[in-house]
Amino acid sequence: MTAANTCVTVNEDGFRVVRVAGEVDLSWSQKLRKAILDALGGGGPVAVDLAAVSYIDSSGIAALVEGFQSARGKSQPFSLVSVSQPVIAVLELARLDRVFPIYPSLAEAPKA
Amino acid sequence: MSQRQLLGTEEFGVLAELGHAFATTLDINQTVRQAVEQIAIHMDAEAAALFLIDGNKGELVCRACSGPVDVTGLRVPRGRGIVGRAIKQNKVQLVQNVATDVDHAGDVGGFVTRSILCAPLSAAEGPIGALQVLNKRSGQLFDTHDRDILRLLAVPTTLALSNARLAEELMQRERLRREFQLARQMQKTLLPLRQKDCPVLGINIPAREISGDFYDHFALPDGRIAFCVGDVSGKGMDAALLMVRASSLLRWAGKEGLPPDRWLARVNEELCQTVTEGRFLCALAGYFDPETSLLEWSNAGLPPLLLRSAKGGYRQFIADGPPLAILADYPYTSNRCLLGDGSAYIYSDGATDVRGEGSEPIGIDGFQALIDQLVDLVPRARLRGLVSRLRGLHLADDTTLMLVEQDPEEAHYLAGISIGCDAHCLKLVRHTVDEQLQRLGMPADVRQRIVLAIDEATANVIRHAYQGDASGRMSLDIWRMGGQLHFVLRDWAREVDPSRIKPRDLNHCRPGGLGINLIDMVMDQWGFEAPADGSGNVLRMIKNLHEGERPCPQAVAPDTGEK
């Protein structure tokens, strides 16, 4: 059964964690984009938890790239954590798997 | 003594009567009985009997007698008694006093034998029995004249019996021939009728009158074609009867559309309960879906299924288990692959056991070489050509060939969907595409990529062609043509300039513009076509199935060539 599309931002372990679930496509990738940019607005380390993402398209990837570029411009820690296999597959296809800082879990993501 | 001197008018009369009776009889047993009675009367004997050699043991059995005691059916061991001696020496025995003859076997039923005259019945193939008369009436003794007369009477008796045996053998042979002919006709009725445009073709060449091989194919309500090929161990009528039973069982179990491994397991269970020990059945059973070209099968002891790609490469899929009727509860497994524009050859071992010029079996390599010589022919002509070439070698066993192949130009419609210009419809598009890809047995990673590419193309129409105009419509149709999947995306938006739609440089990390790259990487071909009617755009994306050249236990995925 496919999980409902959700995007929740929480404070956890010193991070602003954007926890995403469901199928990220054009219909709501803008919400993800806004959630990531809002999280980055706080100034602290941001992690996007993609464990429960069963599908992501290029518009979802674009939201992640935009967040990554915004964070880099401000030298703000930005990580993708617990990335699901469907997301990894698309990142590999787009040759972005070596561009993003990807960590197996939040505990391993850098705060600085 | 000349015959003229030997025979009197009476003897001539008896000989003539015997000859006439034997020549005109339709019931040799009754005639022999009458002849023995006549011989007893003519020889003035108290009793007479005709013994014939019975079966391989060489026992003598009394087939007709005349006298006070009925000894019909009496059996004398080979070589025993005066009758046995007559046959062994192939010489008339004249015993005037049996009491002094060590070979006398004794009397039966109170009849007292004093003297015996016994003549062997010798045919071209050797002795067949003996004719004997006992006790000359009025206390007289048999003499050499009697001996010569009995020897003479034995001649037409032998001829008649030999002829009767030959006639019986001929009748039996004819009966067998008719029975075999009927069995062959019945076997032929078990083979499926030729169906026009059916992608599954079969042919059976019996080595003898009847075959231990068979094949069958039939359509299932869901559109798939069920097929099977069987090869019963042994030859002859009992093998043919098992073949009839096995083919019926396979058809019965196959109608349920069970997965191939369970199909074979069910037939195996039945056969293990009923088949005589030592008999077994090699069989391959499966399904072909003409829409998707998905081929599924399970193989119990038949030679490897051969997959030939359109480019000429072969893959061999060895049997998934032992022949049926040997091990009850054997867990057979199934294979799946996308045939695309390739061909599947299924065959009994007769096809690979034929002897080539060096008198060695041609084997699978030789069989493949024969196929390669005939690839330019259409499927049915190719099968006939294979039969002709196999017959040109030394075909010693029943041989069955089955070919599964489709016209690569023929388009098979898989599914279609019409949606509005709404990003929320993308999920439905992805679901529709994934469902079809699952029908094709594709593994999850390949499905994911294709679904992504179609999603990207559809999202591009929504975002760029219609620019979010909610009144826009579009349709996606999925076709299979030979070894290719065609995804045709149609919209009625303003026409796009194809020259401006191309992949970007992925070395530049920036958001957006990835969609075309993903389509380009996943699909083998893509491009815009002019709509057949009206305005708008037609985007055709083509994915090669690659003739199922990448098998895995559950499915054979097309080799995408992607890393």
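I began at B:Asp44, which takes a positive phi of about 60° just after H3(B); helices here are DSSP runs of H or I with at least four residues, strands are E runs of at least two, and both are numbered from the N terminus. I note that this is a predicted model, in which local features need pLDDT of at least 70, side-chain atom pairs count only at pLDDT 80 or more, and totals for chains, interfaces and linings use all residues. Residues are numbered from 1 along each chain as its sequence is written, while chains are lettered from A and ligands numbered from 1 in the order in which they are written.

I then looked up H3 (residues 28–42) of chain B, whose 15 residues reach 20 Å from first C-alpha to last, close to the 21 Å expected at 1.5 Å a residue (1.5 Å times one less than the number of residues). Buried in H3(B) are B:Thr31, B:Val32, B:Ala35, B:Val36, B:Ile39, B:Ala40 and B:His42, a residue being buried if 20 or more other C-beta atoms, placed from the backbone, lie within 10 Å of its own. I found these buried residues packed against chain B elements including helix H2 (9–24), strand E1 (45–54) and helix H5 (144–190), with contact defined as C-beta atoms, placed from the backbone, within 7 Å.

Next I traced an open, antiparallel sheet of 5 strands in chain B, ordered E7-E16-E15-E12-E13, where strands pair if DSSP finds at least two bridges between them. Its edge strands are E7 (200–205) and E13 (314–317) of chain B, each pairing on one side only. I recorded 6 bridges between E7(B) and the antiparallel E16(B), and B:Val200 stands opposite B:Val404 in E16(B).

Key
Buried ≥ 20, exposed ≤ 12 C-beta atoms within 10 Å, placed from the backbone. Contact = placed C-beta atoms within 7 Å.
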